Amino acid sequence: MNQGLIVLLNGTSSSGKTSISMELKNQKEIPFHHLSIDDFFVNYNDFIDAKFPDIEPTREVEDVGPILFDPINSVYYATIKLFSEMGLNVIVDTVNDNDKRFNDFLDLFFDHSILFVGVVCSKEELTRRELIRGDRMIGLANSQYDIIYSFNEYDLEVNTEVLSPAESAEKILSFIKSDQDYSAFKKLSKREISAKE
């Protein structure tokens, strides 16, 4: 049995990755499983809230991110790998804005079949979407923009200002069915990690 295909959607917050993922997941031609890093964090928070409803910390932790993010991200990556090894097709919906985590992903999946898709739109449109959504910090997508879109090559690119989520998903499906090679991910190089990461 072959490994499952991994569709890696590369885009900032509010670029349209989740909407495209839902369209891919709901179509019937090629089965996909949607794995979003957001779900892993929400489920962790729900677990803590349910398991320890009356927890009262005795000291304040200013930033829990460094304590929790890397371990949860490792579980996320391991789940993607497990699904692929079980022959299941996976849509990866995350933001690769951290060099260390990007390098970890590259190491873990270099020998897997990965369709690397750029999900792009303008900074102006990202800001407009953040204002409409109301559940994202205004400017988050623009703060991620340069590092997220620093790649020189994708297997496929979808512009979500021009294409709807359904049209973007159809473009991805058409590419998969065309039996073209997925080569862009294998051309990526590790990033230099800054001291703060």
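**Salt bridges, sheet and a buried aspartate**

Mentor: R129 and E125 form a salt bridge, with their closest N and O atoms 2.8 Å apart. Please keep in mind that this is a predicted model.

Trainee: Where do R129 and E125 sit relative to one another?
Mentor: They are four residues apart in helix α5 (residues 123-133), so about one helical turn separates R129 from E125.

Trainee: Are R129 and E125 buried or exposed?
Mentor: Both R129 and E125 are buried.

Trainee: Which residues are linked with them in a network?
Mentor: The network of salt bridges links E125, R128 and R129.

Trainee: How many salt bridges does a search of the whole structure find?
Mentor: The search finds eight. One of them joins D104 and K100, whose closest N and O atoms are 3.1 Å apart. D104 and K100 both belong to helix α4 (residues 99-109), where they are four residues apart, about one turn of the helix.

Trainee: How accessible are D104 and K100?
Mentor: D104 has a relative accessible area of 32% and is therefore partly exposed. K100 also counts as partly exposed, because its relative accessibility is 28%.

Trainee: And what does K81 pair with?
Mentor: K81 forms a salt bridge with E85, and the closest N and O atoms are 4.0 Å apart. K81 and E85 are four residues apart in helix α3 (residues 65-85), which means that about one helical turn lies between them. K81 counts as partly exposed at 22% relative accessibility, and E85 counts as partly exposed at 41%.

Trainee: Changing topic: what is the strand order in the sheet?
Mentor: The sheet is open and has five strands in the order β2-β3-β1-β4-β5, with parallel pairing. β2 (33-36) and β5 (156-159) stand at the edges with a single partner strand each, so one side of each has no neighbour in the sheet. From one strand to the next, the twist averages 25°.

Trainee: How many bridges hold the pairing of β2 and β3?
Mentor: β2 and β3 pair in the parallel sense over four bridges, and H33 stands opposite V90 in β3.

Trainee: Which residues of β5 are on its covered face?
Mentor: L156 and V158 form the covered face, whereas E157 and N159 form the uncovered one. In a regular strand, side chains alternate between the two faces of the sheet.

Trainee: Which helix lies across β3?
Mentor: Helix α1 (residues 17-26) lies across β1 (6-10), β2, β3, β4 (114-120) and β5, and runs at about 170° to β3.

Trainee: Which strand holds D93, and what is the nearest side chain of opposite charge?
Mentor: D93 is found in strand β3 (residues 90-93). D93 is buried yet has no salt bridge, and the nearest side chain of opposite charge is K17, 4.3 Å away.

Trainee: Why does K17 not count as a partner?
Mentor: A salt bridge requires a side-chain nitrogen of Lys or Arg within 4 Å of a carboxyl oxygen, whereas K17 is 4.3 Å from D93.

Trainee: Which side chains make polar contacts with D93?
Mentor: The side chain of D93 has a polar contact of 2.6 Å with that of T18 and a polar contact of 3.0 Å with that of H34. Setting aside residues up to four places away in sequence, D93 touches K17, T18, S21, H34, L35, S36, I37 and Y76.

Terms used
Residues numbered from 1 in each chain as written. Predicted model: local features only at pLDDT ≥ 70, side-chain atom pairs only at ≥ 80, totals over all residues. Heavy atoms only, no water. Helix = DSSP H or I, 4+ residues; strand = E, 2+ residues; numbered from the N terminus. Buried < 20%, exposed > 50% of the residue type's maximum accessible area, 1.4 Å probe, protein only. Lys, Arg positive; Asp, Glu negative; His and termini not counted. Polar contact = N/O pair within 3.5 Å; in protein donor to acceptor, adjacent residues only side chain to side chain. Contact = heavy atoms within 4.5 Å. Pairing = 2+ DSSP bridges. Axes fitted to C-alpha atoms, helices over the stretch in contact; angles between N-to-C directions.
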